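Student: I would like to learn how to read side-chain pairs and helix packing from a model. Could we go through some cases?

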Amino acid sequence: MQAGILSLESSALRAMGTSCVDRRDPDQADRRLGGLMASAQAGDRAAYDTLLRESVPIIRAAARGRGVAPDAVDDVIQETLLTIHRARHTYDPGRSFRAWLRTIAERRAIDQLRRQGRLRSREVHDEAAYETHPDTTPEPAAELDAGLCQAIDGLPEGQRQAVEELTLKDRSLAEAAQATGRSSGALKVNLHRALKTLRARLSGEEG
Amino acid sequence: MARSTENLIRELGDGLTPVRRIAAPNCLALLWLGFSVLIAAGLAVVFGVQAGLARLGSTPDMWLAALGSLLTAVLAAKAAFELAMPGRSRFWALLPVPALLLWIGASGMGCLRTWATAGWDGGVHTECLISIVGISVPLALAMIVMLRRAFPLHPALTAMLAGLACAAASATVLSLFHPGDAAAADLAFHALAVMVVTAILTISGQRLLRR
């Protein structure tokens, strides 16, 4: 028991020590992240998990630096994590991991800013509408058309959650945010995308 | 960290498989250039290179133009593969500019010189246009397949460089087999063909390379 506690303490201290060293020497931190990515390329799940977790603050800083709205930063983080996964074969361990990651994060931040710009130019958005005017006659999910249910099931997780929480369960934005752990901005964006996807699928525009 | 981000990290970890690292941009560029050399060798076997070499040797600016197009192809290919890797500077796009200026300058000089001495021959050199576009097709297909294996974050810029590399390589290959004199109209049609190939690949390539 005591040995277990000691082991936990020592790993916590080691982690703290690594973090302090990283703060003092950014090059060493970069090399460590590069090493983790090299291990992830070889299929090391633990290294990959650590790498993705340690990448989140770097992505957040890049998104904020690009001027992404605070409620959309989580979307940029998730898009960037997905891109890291798809592009991991392009990382060269001889080069800076932070530079590799920052380029991807900044690209995804710019994509997000463009999406937001397009959304604003096309829609008149009443911020209070979701909060103050819930539908008083909600349609139970069981009575929904089977095709619609299937289409909702086929949505990406974030979009499906937004539809379920805001439309099917008729929750307010604040309640949905609490239930899903997503920001209200991310939920609104996901709901918008989900409705667009569903409209396209149900009208047969998309395969 | 948001709960959904935690979930995503877990899901990505679940889906982790070992990957083979992509070759360095220099290797990819050499591989693509090797493919271009193979096409040139195939054409040399069929058409022979005597007429083209005689044409190139007729004036110094023809050699310079061929050298310029060759360097443009090499450097544009290198720049396209560099840009296809995340983390590389966008300034790589400037790499082929000096070679492109040499190519344009030498071709322009040749064009002006022949125009001044022999005038516009009045011909419409569609065969040059077709040859450059035709040679560019396999080169462009190979380039797009190789670039898609990487991860271009600037698809439009990468596609434009790919288009320039293909057009320049095709023009270089054509210059080895092109019979006849360096007529002004002929050179003008080469320039038109290069612009057509670059434009087509810029427009279509950026869709194919978008990630």
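Tutor: Keep in mind throughout that this is a predicted model. We start with aromatic rings.

Student: How is a pair of aromatic rings described?

Tutor: By two values: the distance of the centres and the angle of the planes. Here the count comes to three aromatic pairs over all chains. One of them joins A:Tyr91 and A:Phe97, with 5.5 Å from centre to centre and 80 degrees between the planes. Planes over 60 degrees apart count as edge-to-face, and A:Tyr91 with A:Phe97 is such a pair.

Student: Are A:Tyr91 and A:Phe97 buried or exposed?

Tutor: Both A:Tyr91 and A:Phe97 are buried. A:Phe97 also pairs with A:Trp100, at 5.6 Å between centres and 35 degrees between planes. That pair is tilted.

Student: Where do A:Phe97 and A:Trp100 lie?

Tutor: Both are in helix α5 of chain A, residues 97-122. They sit three residues apart, about one turn of the helix. A:Trp100 is buried, as is A:Phe97.

Student: Which residues form one aromatic cluster?

Tutor: A:Tyr91, A:Phe97 and A:Trp100 do.

Student: Next, charged pairs. How many salt bridges are there over all chains?

Tutor: A search of the whole structure gives eleven. Take A:Glu54 and A:Arg32: their closest N and O atoms are 2.5 Å apart. The cut-off is 4 Å, and this pair forms a salt bridge.

Student: What does the pair of A:Glu54 and A:Arg32 tie together?

Tutor: A:Glu54 belongs to helix α3 (residues 45-65) of chain A and A:Arg32 to helix α2 (residues 26-41) of chain A, so the bridge ties together parts that are 22 residues apart in sequence. A:Glu54 has 29% relative accessibility, so the label is partly exposed. A:Arg32, with a relative accessible area of 27%, is partly exposed too.

Student: Which residue meets A:Arg66 in a salt bridge?

Tutor: A:Glu106 does, at 3.5 Å from N to O. This pair links distant parts of the chain, 40 residues apart. A:Arg66 is in the loop between α3 and α4 of chain A, while A:Glu106 is in helix α5 of chain A. A:Arg66 has a relative accessible area of 38%, so this residue is partly exposed. A:Glu106 is partly exposed at 25%.

Student: Which helix holds both B:Glu82 and B:Lys78?

Tutor: Helix α4 of chain B, residues 60-83.

Student: Which residues are linked in a network of salt bridges?

Tutor: A:Asp49, A:Arg53 and B:Glu6 are.

Student: Let us look at a single residue. Is A:Leu51 buried or exposed?

Tutor: A:Leu51 has a relative accessible area of 0%, so this residue counts as buried. A:Leu51 lies in helix α3 of chain A. Leaving out residues up to four places away in sequence, A:Leu51 touches A:Leu33, A:Leu36, A:Met37 and A:Phe97. The C-alpha atoms of A:Leu51 and A:Ala40 are 8.4 Å apart, with the residues eleven apart along the chain.

Student: Now helix packing. At what angle do the axes of helix α2 of chain B and helix α7 of chain B cross?

Tutor: At roughly 25 degrees, and the axes come within 10 Å. Helix α2 spans residues 25-47 of chain B, and helix α7 spans residues 155-177 of chain B. The angle makes α2(B) and α7(B) roughly parallel to each other. Their crossing is right-handed.

Student: Which residues of α2(B) and α7(B) meet?

Tutor: From α2(B), the residues include B:Trp32, B:Leu43 and B:Phe47. From α7(B), they include B:Cys166, B:Val173 and B:Phe177.

Student: How do helix α8 of chain A and helix α9 of chain A pack?

Tutor: At an angle of about 135 degrees, with their axes 9 Å apart. Helix α8 covers residues 157-168 of chain A, and helix α9 covers residues 173-180 of chain A. α8(A) and α9(A) are therefore oblique to each other. Their crossing is right-handed. The contact is made by A:Gln161, A:Glu165 and A:Leu166 of α8(A) with A:Leu173, A:Ala176, A:Ala179 and A:Thr180 of α9(A).

Definitions and conventions. Residues numbered from 1 in each chain as written. Chains lettered and ligands numbered in written order. Predicted model: local features only at pLDDT ≥ 70, side-chain atom pairs only at ≥ 80, totals over all residues. Heavy atoms only, no water. Phe/Tyr/Trp six-rings, centres within 6.5 Å; stacked < 30°, edge-to-face > 60°. Buried < 20%, exposed > 50% of the residue type's maximum accessible area, 1.4 Å probe, protein only. Helix = DSSP H or I, 4+ residues; strand = E, 2+ residues; numbered from the N terminus. Salt bridge = Lys/Arg side-chain N within 4 Å of Asp/Glu carboxyl O. Contact = heavy atoms within 4.5 Å. Axes fitted to C-alpha atoms, helices over the stretch in contact; angles between N-to-C directions. Parallel < 35°, antiparallel > 145°, perpendicular 65-115°, else oblique. Left-handed = near helix turned anticlockwise from the far one by under 90°.
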